[in-house]
Amino acid sequence: MKTNRRCRALLAVSLNLMALLFSTTAFITTHWCEGTQRVPKPSCGKEKKTNCLNYGGNETANETNQNVVHYSWETGDDRFLFRYFHTGIWYSCEENINAAGEKCRSFIDLAPASEKGVLWLSVVSEVLYIMLLVVGFSLMCLELFHSSSVIDGLKLNAFAAVFTVLSGLLGMVAHMMYTQVFQVTVSLGPEDWRPHSWDYGWSFCLAWGSFTCCMAASVTTLNSYTKTVIEFRHKRKIFEQGFREEQNFLDQEALKYFRERAEEERAEAGDLRLQCLHSCSPN
């Protein structure tokens, strides 16, 4: 039983640690959502000769470079670039079309005013989610390595399960609130930021993977607690049954002993009366 309990506790600790690592990574990265943004092509110049608009109508440059497009209202999407972007809880980063690298800006500033409260609530929930995961992980480690008795281990196990379940619920709410804020920002956010197309990124997958590991850890911890309690109750029942049977056996032995003693005493008393009668009778 002790080996099974230790294996279940080790599995719960491993799942909780994975949930903690996934949630922390998702919280600090900027790939919750990613996609493309449609932006106007910049003007062609000395340093910019590709993927740009030629306002001067330089036919020679246009003939030698197929990526240069004449500025015309009839060119449609040829007047636009589709730059890559990725967004997290804190920042939204976009490909820099004028230079190498990316430029980032605060996603909290991009969110509409009506959604800023929900976004901050999502941030607070994410922080609490991580903190409760840390508490649950600490309790599981204490139960695994430092519990001096089974009763103390059960108490730590129960508290760890409660904290892990609460953290999972907070994490689920936080992820859903962020998704709602991002979708509203796509529709009502700044014109120069609104995505042309987007999808969820690997940080978002890590966040929900963390939630899955968290709930699996809580279920494993509750399962360990329940199995231990059931095993203790079963052993107690067997002990009580054996004790009652032993007590009944002892009672029967004691009753038999007292009966035999009573019969012996009656026999001795009868013998004494007979002796007294013989001694007291005249010759």
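1. With which side chain does the side chain of H31 make a polar contact? The partner is E34, at 3.2 Å, where a polar contact is a pair of N or O atoms within 3.5 Å, one able to donate a hydrogen and the other to accept it, with residues adjacent in sequence counting only if both atoms are side-chain atoms.

2. This is a predicted model, in which local features need pLDDT of at least 70 and side-chain atom pairs count only at pLDDT 80 or more, while totals for chains, interfaces and linings use all residues. Residues are numbered from 1 along each chain as its sequence is written, and side-chain values use heavy atoms, leaving out hydrogens and water.

3. H31 sits in the loop between α1 (2-28) and β1 (33-40), helices being DSSP runs of H or I of at least four residues and strands runs of E of at least two, numbered from the N terminus. H31 has a relative accessible area of 17% and is therefore buried (under 20%, with exposed over 50% and partly exposed in between, for a 1.4 Å probe and protein chains only).

4. E94, in strand β5 (residues 91-95), is also buried, with a relative accessible area of 1%. Its side chain makes polar contacts with the side chains of R83 at 3.3 Å and R105 at 2.7 Å.

5. F107 and F182 form a stacked aromatic pair, 6.2 Å centre to centre with 25° between the planes; rings of Phe, Tyr and Trp (its six-membered ring) pair if their centres lie within 6.5 Å, and planes under 30 degrees apart count as stacked, over 60 as edge-to-face and the rest as tilted. Because F107 lies in helix α3 (residues 107-110) and F182 in helix α5 (residues 150-188), the pair ties together parts that are 75 residues apart in sequence.
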